[in-house]
Structure formats: C-alpha cells, structure tokens
Amino acid sequence: MKYILDFLCLLGCLLLVVARNTVPTSEFQLDGDYLLGGLFDIHHVSSPLHLDRPEAINCTSQPLILSSYQRFLVMRFAVEQINNSSSLLPNVSIGYILFDQCSERYSFPSMLKLISVNGLIDPWGEPPKNLMAVIGSYTSPKTVSVAPLLMMDLIPMVSYGAASSEFSEKKAYPSFLRTVHTNKDVIEIIVRILNHFKWHWVAFLYDDNDFGNNGQELFTSKIRDTDICLAYTKGLDHQTDYPQIFKQIDALRVHVIIVFSSEWTAEVLFQSAIQQNVTSKVWIAMDAWSLNQKLPKTEGIRNVGTVLGLAAPATTIPGFSDFVHSAKAAALCENAEQETFCNQVFNCSGLSAADVIDADGSFSFTVYAAVYSIAHALHKTLQCKVGRCNDNITVYPHMVLAELKKSNFTLLNQTIHFDENGDPNYGFYFIVFWNHNGEAQEVGYYEFFPPFHFVINSNEIQWHTNGTVPTSVCSQECPVGYKKKQEGIHKCCFSCEICQNGTFINVTEDPYTCVSCTDAEWSAEGSTSCSLRVVEFVPFTDPGAVVIMVAAWVLVGLNLAVSVLFAINFNTPVVRSAGGPMCFLILICLSSGSISVHFYFGQPTSASCVLRFFPFLLFYTVCLSCFVVRSFQIVCIFKIAAKFPKLYSWWMKYHGQWLFIAVAFAIQALLLLIGYSCDPPKPFNETFLYRDKIVLDCDINFTATSTSVIFLSLLCFLCFIFSYMGKDLPKNYNEAKSITFCLILLIITWIIFATEYILYYGKYIQTLNALAVLSSLYSFLLWYFLPKCSIVIFQPQRNTQQYFQGLIQSYTKTISQ
C-alpha cells in the first residue's frame, strides 16, 4: 500500500510539473547557458509523516537546518564566482535549479522537475536540455531515493554529503561522484582512535537507514581481526526506546559509545542521555554532527562524559561572507507572493547574515568543490581556451562525466581529484573534542592518503575522569606470561591462565595460546620467550674423564705386565693353577673390554653409542665364561673327580673348558648382533628431566639388549655358584675364594650404579657408568691376578710343585676321613 501511495504522489507531482512550465526568478533558480541541479535539505522531516492522500510535502513546515541553508548559499556563491571568472568558462554562464529536499520519500517533484523536458519525462529520449549535473544530496537515504533517476541517462551526480560505501559500486551508480569522504574512511579513523586509547569494549549506535546500516557493517568488518569487540549495537529511529538502550549499555559496563548518525538523531540521543542522567561515557561523534553548534552548549551536556569526534576541515571560503550579506540585503526570500515551484519556498526573514555565517561549515567546502569540479569538467568539454569556449560543441551529460572523472585542479590550496570509484582522493579530517566552553577543539588529524599520518594529543583533551584516559574493556589485561581464555562469544571477555613450563606467550601474535618451546629451548612458568637450553655432555678434557681414561690405560699396562710375568713363569704351579693359557685370554679380554670406557666421553655419535657397550659385554662374557670354567675345574678337581671319574675324564679328553668358552662367546656375539640390528643404541637428547638443559646421551632399547645382559648375568650366577662351592678348599689355596670375592665386588658395583642411575641422571652419569665398567675390569685384575703375581715375585717357596702337592694331599686326606 505504501508503494501505491508513493506512485500516486509521484504521478500527482508530475502533473503539477506539466501544469507549470515557467518558474519566476528566485534564489532557487538562475538562468544560464548550462544548468546545474541542486538538492539541499534546508528543512528536515524530524518525525514520521501520516498523510491522508498522496501529495508533495511542504518543506517550509518542517524544522530548519541552518547549516544546510548555508550550503545552499555556498552553491549559489560558487556559481556566481564562476560566472564572474574570466579564466574558467569564459563567455559561458551557468544557471541552476535548486530544491529543498526535506524528505527522501515526499520530495520527488524536485527530481521530476530536473529530468523533465517541456513538462514531460522521456527515459529513452534526449536528456533534459542544458542540465549538465546535479549537486547533492546531503544524506545517503535521500541520495538512494533519487540517484537511479539520474543514473539511467548518465547525468553526473556529485554529492557533498552522502558517505555510504554502496555508492562506490559503479555498476549501480555509474555517474555518481562525491567530494565527501566515504564511511569506509570515517570508520578507519574511528578504529584508529579506539586502538590509540586501547578502548576495546564499545557500543555502536547508528541511524536505522542505508547510511547507518552501511557504517555498522563496515565497522563490524573492520574490527573482526582486531582486539576491539562490539559489546552492543542498535539502530536508531523514531520509535527507539533510549532509556532501555542506556540500561543495556550500563549493564554491559561499556564506557565508549560510537554514534554513527545524523545530527538530528544525535540531538535526540543526547537529550535522552541527559534526561536519563547518563554519566562517565566517551562519545565518538561522526563528522555529520561533531561541529554541531547547538549540542555542545546544551544544559547538562558536561555530565554525559567526554565527546570526541572527527570533522572535515571548516575551510573559510573567501568572499562568501560578503555574498551572504548581499543576499540578505536582496531579501529575495521574503517575496512570499511570487509564484514558485514546490519545495522552492523559504521564508528566511528571521535569519541574519551572522546566523548563516556562524553555522556549522564542515560540509561547505564539499559543496564548493562539487560545483567547481563540474565547472572544470564543462570547461574541458567545451575546449575552452583563453577568453573563449567552443560554442559549436553540443554538450551531453555523459561528456561532462568523462571529464569529471579525470578532474585534477587546485581549489583553495587543495588538489581536487577522484579515484576510480568517484570518491575523493585527497584531504584530511581533524580529531576534535568538545571542551568546557562548548567549542569543538582540534586535538589531532588524520590524512587519508599516503603516508596516512594519524596524530592525536590526548594531553589537550579535558577528560571527564580528571585527566586520566578512561578505559573501556570487558576484562582487564592479563599479567605478563598469562594467556587469555575466551569466555562467551566476545574475545574481549576472558580469564587468564599462566603458561606452564616449556611454553611461552607472545601477545602480539596470539594472546590466546601458550606456544611450546622447541626441544632445544626451555622456559619457566609465565614466560614470554624461550631460552636456549645448555647442552651438556662429559668432554674428554673433563678431570673425571681424564682420570678414568688414564686408569683404563693403566689397566692395559698392568694386564700386559701380568701377561709377561705369567709367560716367564708359565710352567710354575701358581700360573698353571690360575688357569695357564686361559689367563692370557682373560687378560686380553680385560684389556679389550677397557676400550668401552673411552666412548663414554665426548659428544655421542652413533658409533660411540654402540662401542660404549658392545666391547665390554662381548669381552666380559669371555672373562666370565673363563672364570665359570675355572671355578668348575677347581670344584671338579677337589670334589667331583673322586666321585665322578668318568665326567672328569670326558671333560679333560674333549677340552670341555675351551668348548664352553667358545659356545658362550658365540651365543653372546649372536645376541648382541641381533639386538643391535633390531634397534642399535643411538644419540639421544634428554630434555624431559631437566627443563633448562639438554643432556646428550645414548638411547638404549633395553628390550633389544636384555637377552645379552641376562646371558651375562647367568654366567655370573654360575661362576658364583661354582666358586662358592669351593669356599672350604685349603686355606692357602684360595682361587675359588678370590673369584667369589671378585664376583661380590662386581655385583656391589652394579647395584651401586643402578641406585645412582635411578636417583640422579645428569651428564656425570656417563662418568659413573664408565667407572662401573672400569671397576668391573679392575676387580678381577686386582683380586685374582695380583695376589698370584705377589706369590710369584715375593713368595717363590709357595710356587713349587711339592708345596701344591702337599696342599692337595692334605685336603684329600681330610675329605676321606
């Protein structure tokens, strides 16, 4: 039904246009060679209209917008200047037809008048004669309502106030340009202000129309990847419940409110805020109302908090004041009896020139620039030169549009040019705040184009918090070393959790995640970075390593000396009772096993990890198998030979001792090869036990090597059993006792090492391991071979055949009794 009424309204207005073919001269109209249209909302429909029939609205019955009337006069002044110029459009006059567009829905007669030819509208015929472009409209909703009528004939429409970003879409608005910065630019400044003061918890109030909705969408998109959260957003219209809005904002603890609206909406909003006793807020004003002359002087406005805003520079236009005074003197607006077209009536008898000049002039320059940009485009279209233009050229609006897009001229020290979307590619905005004198004081600025300077001096702002910058956050920032844990849908609302050992937080990259350090790094609880771990291993120059390696070489030297001594006294009873040829095999294996000691030091490699264990396990197996055989032979001679002569005979006939040693060697070699082939020892960085250092070690698969260790332990157990059976042999014949003592030392050594391995695991565990290996080798040398060397060297009387025979016979008689 609404659209039917709108159509009937348009139809009625069209008939009115046809009926009135001439419009007497007034301040709304000026004859000229080429015409410009102008749309100004001198009056504004402040509340919804309820019409009983379709009709054009009488704008003079609506509230006056003084700043819009000033812009209306700026266009008239700019046209007069151009007509009086000898360099711009010489011998060519520009006329205009201006309208008071007080409503986006009920002001269509204005637009129909502009695009009609002889009272008729023909979308497929010639465009309106001599109409080159239209200046306006001021707001985005009013622009949306009339722009399509101009776009179909590519009539340039240069807006001085419509900031919605939808007009940058050239498919829908091919002939639309503007001299005002877009919502996208304004939102960029607002976000920079929020980030500058670290206001991350904000409310966004906007006009519930095309302009406001576009701003809200741009703001939401802009803050998506920032620390700013939109706590509350609401579209404002004539039915808005302002008290409820303020209650919700207070409940959310929001202290910063962005008001993205027209000046008349802002006036209603602040009147309600004052009535509801809203205090201690920061209000961010749009350029549409930041320089409002009325609001900063409203009673009680100081109580609502601090008002910051952004504003287009209020450029002083030379000669405009004189024009206003002369226009008021002409008093054209007082001729109420002259015949006029609808929305071309304005009784300005109650206004003085000072009232007009002192009005908010933030958008006056944009009107001035819009008129001059069209004049320059027409100047180029007519191929104007010094003193004259080419009057043989038939000018169409699309020709002016083509030149308009290429505009590049200087106006009042400002270079005017447009980008590919018809948006201004120049200029800057001021950052202002309303001081206690009711004035908009400049405290910073933002340049829209490279190098994009943003400057703001917060020390000049008179904050409502007694000098300190207000805060607006959902949750206080976490202490250093803590991560944020989001609570709810807003990332600004969070709890804090400390980062554990081995992790750190980098708030500039991701304040919600504790990042793990690499294996080569470490960190304490609550760290903001990782530190390199200290790499630890026992070097060859370590004093303990040097002592152990020297002791290993001493062992080899002693084994060599014992071998020489035993070789010289090979046929003596002591050497033969010690094992004869088997002694040399044991000494060689003890020396070979000492090779392992050297590979416990230095930085581990794959080869060193293998050689730490392989030589010792293999050669020590041979040693133990020799002592098993030797212990068995001792028991056999004194105890088994008499009772089991055939077993002894078989043992001696088939060299059972060498067969046993060879089998033991082969079994251990095979077990080691299988285990190391499946999973050989390899270098390993121990990072778990110590957070601040890396202990270089060898990783051993105990499952793969367990069979070798079990086999070695079995030999040790057999050796211990056989040697223990000979504990009651003659007192002076103590080989079995020596072997038993050596085995006890061996067992105690590895029990001590296992205990240390469980209780302590640092780099010196390798030293202790090497010491345990060396102790195992020394136990047989010191407690088995050296006593016999002592007899050979210092007690030769005990190293005779008669002495040994006497011991054996005495022990045999004792057993037989």
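In what order do the six strands of the open sheet lie? The legends below take that sheet and other close-ups of a predicted model.

**View 1. An open, mixed sheet of six strands.** The strand order is E1-E3-E2-E4-E5-E6. Pairing is mixed. Strand E1 (29-30) and strand E6 (176-178) form the edges. Each has a single partner strand, so one side of each has no neighbour in the sheet.

**View 2. Helix H2 packed on the sheet.** H2 spans residues 66-83. This helix touches E1, E2, E3 and strand E4 (131-135). The direction of H2 makes about 170 degrees with that of E3.

**View 3. The parallel pair E2 and E3.** Strand E2 covers residues 34-40, and strand E3 covers residues 94-100. Seven bridges join the two strands.

**View 4. Packing of helices H18 and H19.** Two packed helices are described by the angle between their axes and the distance between the axes. For H18 (residues 656-678) and H19 (residues 702-725), the angle is about 160 degrees and the axes are 7 Å apart. An angle over 145 degrees counts as roughly antiparallel, so H18 and H19 are roughly antiparallel to each other. The crossing of H18 past H19 is left-handed. On the H18 side, the residues that meet H19 include Phe660, Ala664, Ile667, Leu671 and Tyr676. On the H19 side, Ala704, Phe711, Leu712 and Leu715 are among those that meet H18. By class, this contact has 10 nonpolar, five polar and no charged residues.

**View 5. Asparagine 435 in a loop.** The loop lies between strand E14 (428-434) and strand E15 (440-447). Is asparagine 435 buried or exposed? The relative accessible area of asparagine 435 is 6%. Buried means under 20%, so asparagine 435 is buried. Leaving aside neighbours within four places in sequence, asparagine 435 is in contact with Arg302, Gln441 and Gln462.

**View 6. The hairpin from E19 to E20.** Strand E19 (residues 503-506) and strand E20 (residues 510-516) pair in the antiparallel sense. Three bridges make the pairing. Asparagine 506 has aspartate 510 in E20 as its bridge partner. Three residues link E19 to E20 in the hairpin.

Technical notes
Residues numbered from 1 in each chain as written. Predicted model: local features only at pLDDT ≥ 70, side-chain atom pairs only at ≥ 80, totals over all residues. Heavy atoms only, no water. Pairing = 2+ DSSP bridges. Helix = DSSP H or I, 4+ residues; strand = E, 2+ residues; numbered from the N terminus. Contact = heavy atoms within 4.5 Å. Axes fitted to C-alpha atoms, helices over the stretch in contact; angles between N-to-C directions. Parallel < 35°, antiparallel > 145°, perpendicular 65-115°, else oblique. Left-handed = near helix turned anticlockwise from the far one by under 90°. Nonpolar A, V, L, I, M, F, W, Y, C, P; charged D, E, K, R; others polar. Buried < 20%, exposed > 50% of the residue type's maximum accessible area, 1.4 Å probe, protein only.
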